[in-house]
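Student: I have a model open and want to learn how to read it. Where do we begin?

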Amino acid sequence: MLDGTDRWAPGRRWAAGCGAALLLLAGCTSSPEERAEEAGPAADCATAERAAPDPDRPRVVLDFRLEDDLRTVTGTETLAFTPDRQVGELWFRLIPNAPQSAGHELRVDAVRGDLVAGGRHVDAEAASGTPGGLYRVGLREPVQAGETVSVELDFTLRLTTGGTPAGFDRLGVAEGVTWWAGGFPLLTWEPGHGWARDPFSDISGETTAATVADTTIRVSAPGDLTVLMTGAQEEARAEAGGRRLWESHEPVARDVNVAVGEFETAQVQAGDTAVTAGVLPGADTSAEELAEDTAAAIALLEARFGPFPYPTLTVPLVADDGGGEEYPSSILLGNEDFGLVVHEVAHMWFYGMVGNSQFRDPWLDEAFATYAESIAADEDRGHDDDLDRGGPVAGTMAEFTDQDDYEWRAYSKGAAALHAARDAAGPEAFDEAIRCYVETQAWTIARPEDLARALAGLQPALDVLVGAGALDRSHVEAAGE
Ligand SMILES: [Zn+2]
């Protein structure tokens, strides 16, 4: 994510023309073929081909209904989960109950399933007044690795129109628009490790670890509103009562963003990706401009990080004074700024495809998304001075002292460290190693040692990242084993 404050230097130059119109794209970058050639294969990489997602990943169907009050969402989640180690219970994260979202509330109303013994909310340092930040489903008997357990959960999400501590937030209601990202019980499983039951943080940032799931989303909404969400969307179908039913499918979703509003939309093609942007009446930008800016960002970042992870991307702009938040194949925007768009598009690689525990290793996605901003800014890196800041880049969300400490270390110092590592190793070798990291860790939850492994052989880069407190020696040693 990126909050609403402008952390870019005044007068920072974004690549000329790229933010203005796709028609100018030829002037600021090369053709898709040239870009592929420029990027080259992930040489010296054990797996040059992008890793495929786990065929046994969870299958999720989400049925949402936005009530006519435009601030109540009722829903049912149907989950088929095949764990890779034995489990005796299931855990779900209730993101809307985080302190930073205080005022919103997500409650599980019922849980069903052949093996279900019962369910209960668990506090996990959620906002007071909410039922809790986690939901535990007890099972009658353990489910073995490789077996499938199926459950259904009914839930109610209540959205407030008032402000939240985070200001612009992943959930909200404003004139003509309602949005909810992470607005359902999110299975919080980390393959190979187990349940991620981390507490929430007062700092405005994500705290989630969720595996990719084959996800179908259906949204019933008042008929005059348009839905923009995670996944490839079908044409809306008419429903009784003047409503419309919207459906999408995303085979590799860690989470889900849904925005419902009086959107004017525009679609452009960015390489193999269909970009759909939506803006509300009276917005400072047009849907066409936003779609073209997003396509330009995709083209710039593909040249560095390889093919865009998803065949579709939706970009609902829901406010004019906020930041941005990344979700799989969907970006929730609270402001129109090309640098912000680049940051959030970069998250499609770093968070969306190469996942991480946003509680344990927040720098793994935020440092890379911040580092990526320079690709669109005429290589104006902006953060170099931040390498001298005190404190390590790495830290859990419980270890940063406040919002500034978090952003300076995980974002700015992290980006500066990546730039310095690239300088130390040589840009070509470093970029190839990062491509290797991206392609081999696709659709997993990566850990710092996975990055260290990709950089093995580039000792000067490892030394920089260790020196900045991004990696530590144990990661480097683990990578060498
Ligand atoms: Zn971010």
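This is a predicted model: local features need pLDDT of at least 70, side-chain atom pairs count only at pLDDT 80 or more; totals for chains, interfaces and linings use all residues.

Student: Which domains is the protein chain divided into?

Tutor: Domain 1 covers 72-159 + 183-211, domain 2 covers 216-349, and domain 3 covers 354-481.

Student: How do I read the interface between domain 2 and domain 3?

Tutor: Take separation, contacts and area in turn. The C-alpha centres of domain 2 and domain 3 lie 27 Å apart. On the domain 2 side, 18 residues are in contact with 23 residues of domain 3. About 1,700 Å² is buried between domain 2 and domain 3, and carbon and sulfur atoms give 61% of that area. Within domain 2, the most area is lost to domain 3 by Arg254, Arg304 and Phe305, together 41% of what that side buries.

Student: Which residues have the most contacts inside the largest nonpolar core?

Tutor: Val345 and Tyr437, in a core of 81 residues. Helix 3 (residues 287-305) supplies the largest share of this core, ten residues. The core also draws at least three residues from each of domain 2 and domain 3. There is a second, separate core of 50 residues; among its members are Val73, Phe92, Ala124 and Val260.

Student: What is Tyr437 in contact with, leaving aside neighbours within four places in sequence?

Tutor: Its partners are Phe350, Val354, Leu364, Phe368, Ala446, Asp450, Leu451 and Ala454.

Student: Now helix 4. Is it mostly covered or open?

Tutor: Mostly covered: twelve of its twelve residues are buried. Val345 is among them, as are the polar residues His343, Glu344 and His347.

Student: Why does the span of helix 4 agree with what a helix should give?

Tutor: An α-helix has 3.6 residues a turn, so residues three or four places apart point the same way. Now the case here. Helix 4 runs over residues 338-349, and at 1.5 Å a residue it should span 16 Å; the end C-alpha atoms are 18 Å apart, which agrees.

Student: What sits at the ends of helix 4?

Tutor: Asp337 caps the N-terminal end, with a side-chain oxygen 2.7 Å from the backbone nitrogen of Gly339. After the helix comes Tyr351, whose phi is positive, near 130°.

Conventions:
Residues are numbered from 1 along each chain as its sequence is written. Side-chain values use heavy atoms; hydrogens and water are left out. Helices (H or I, at least four residues) and strands (E, at least two) are DSSP runs, numbered from the N terminus. The expected span of a helix is 1.5 Å times one less than its number of residues. Buried means under 20% relative accessible area, exposed over 50%, partly exposed in between (1.4 Å probe, protein chains only). A polar contact is a pair of N or O atoms within 3.5 Å; within protein, one must be able to donate a hydrogen and the other to accept it, and residues adjacent in sequence count only if both atoms are side-chain atoms. A nonpolar core is a set of buried Ala, Val, Leu, Ile, Met, Phe, Trp, Tyr and Cys residues joined through side-chain atoms within 4.5 Å. Domain bounds come from an automatic or database domain assignment. Contact means heavy atoms within 4.5 Å. Buried area is the accessible area (1.4 Å probe) that two parts lose on being put together, summed over both.
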